[in-house]
Amino acid sequence: MNQELGAGMKQGISRMILLALLSVLAISSGSFAHDPPQPPGVIHVVLVWLKEAGNSEHREQVIEGSKALKAIPGVLDLRVGAVIPSDREVVDSSYDVALYLRFKNQQDLQDYLVHPLHKSTVREVIGPVMDRYRVYDFRDE
C-alpha cells in the first residue's frame, strides 16, 4: 500500500510540474498575455510607394529613418514595416512601407505634422526615395 501511495504522489507531482511548465510556456508565448486596452485616440497611417518599387535598401532607409519620429512629443506609438505581399484580391500590397502612429488627440497629430523632425525626415530621408504616399487618419474609439 505504501508503494501505491508513493507512486500516486510521484504521479501527482509530475502532473503539477507539467501543468506549471505548460503555464509558463503559454504565458511566454502570449496565449494569456494581452496588451492593455488603449484609450481612445487618433491613428495616422501612411503608405509609401518607392520610386524603385521593391528596392530593399530604400525600403530599409524609410523604415529606419521613420523610427526617429517616435521622439516627437505626442507620439504615443509608432509602428513601421515593409508590405506583406498578397495574392488576395481584397489586399492592396502595391505599396512598399507602412507607418502607423497613435496620438492622444487631433491637436497632437497637428503638432506632429509641423514638427521640425517630421518635416526634415520627410524631406531628407523619405522624400528622396519616395514616389508617392497616401495618408489615412481616423479616430480610434
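Modeller: Two strands count as a pair if DSSP finds at least two bridges between them. Keep that rule in mind for this predicted model.

Colleague: What makes E1 and E3 a pair?
Modeller: 7 bridges join E1 to E3. The rule asks for at least two, so E1 and E3 pair. The two strands run antiparallel. In E3, Arg102 stands opposite Ile43.

Colleague: In what order do the strands of the sheet come?
Modeller: The order is E2-E3-E1-E4, 4 strands in an open sheet. Their pairing is antiparallel. From one strand to the next, the twist averages 15 degrees.

Colleague: Why are E2 and E4 called edge strands?
Modeller: Each of them pairs on one side only. Strand E4 covers 130–140.

Colleague: Which strands does H2 lie across, and at what angle does H2 run to E2?
Modeller: H2 lies across E1, E2 and E3. The angle to E2 is about 170 degrees.

Colleague: What makes a set of residues a nonpolar core?
Modeller: Its members are buried nonpolar residues joined through side-chain atoms within 4.5 Å. The largest such core here has 19 residues. Val48, Val75 and Leu99 are among those with the most contacts inside it. At least two residues of this core come from each of E1, H2, E2, E3 and helix H3 (106–114). A second, separate core has 6 residues, including Trp49 and Tyr95.

Colleague: What is Val75 in contact with, leaving aside its neighbours within four places in sequence?
Modeller: Its partners include Leu69, Leu101, Phe103 and Tyr112. Contact means heavy atoms within 4.5 Å, so Val75 comes within that distance of each of these.

Colleague: Why is His118 called buried?
Modeller: Its relative accessible area is 13%. The cut-off for buried is under 20%, so His118 qualifies. His118 lies in helix H4. Not counting residues up to four places away in sequence, His118 touches Leu69, Ile72, Tyr112 and Leu113.

Colleague: Which elements each supply at least two residues of its lining?
Modeller: E1, E3, H3, helix H4 (116–126) and E4 do.

Notes:
Residues numbered from 1 in each chain as written. Predicted model: local features only at pLDDT ≥ 70, side-chain atom pairs only at ≥ 80, totals over all residues. Heavy atoms only, no water. Buried < 20%, exposed > 50% of the residue type's maximum accessible area, 1.4 Å probe, protein only. Axes fitted to C-alpha atoms, helices over the stretch in contact; angles between N-to-C directions.
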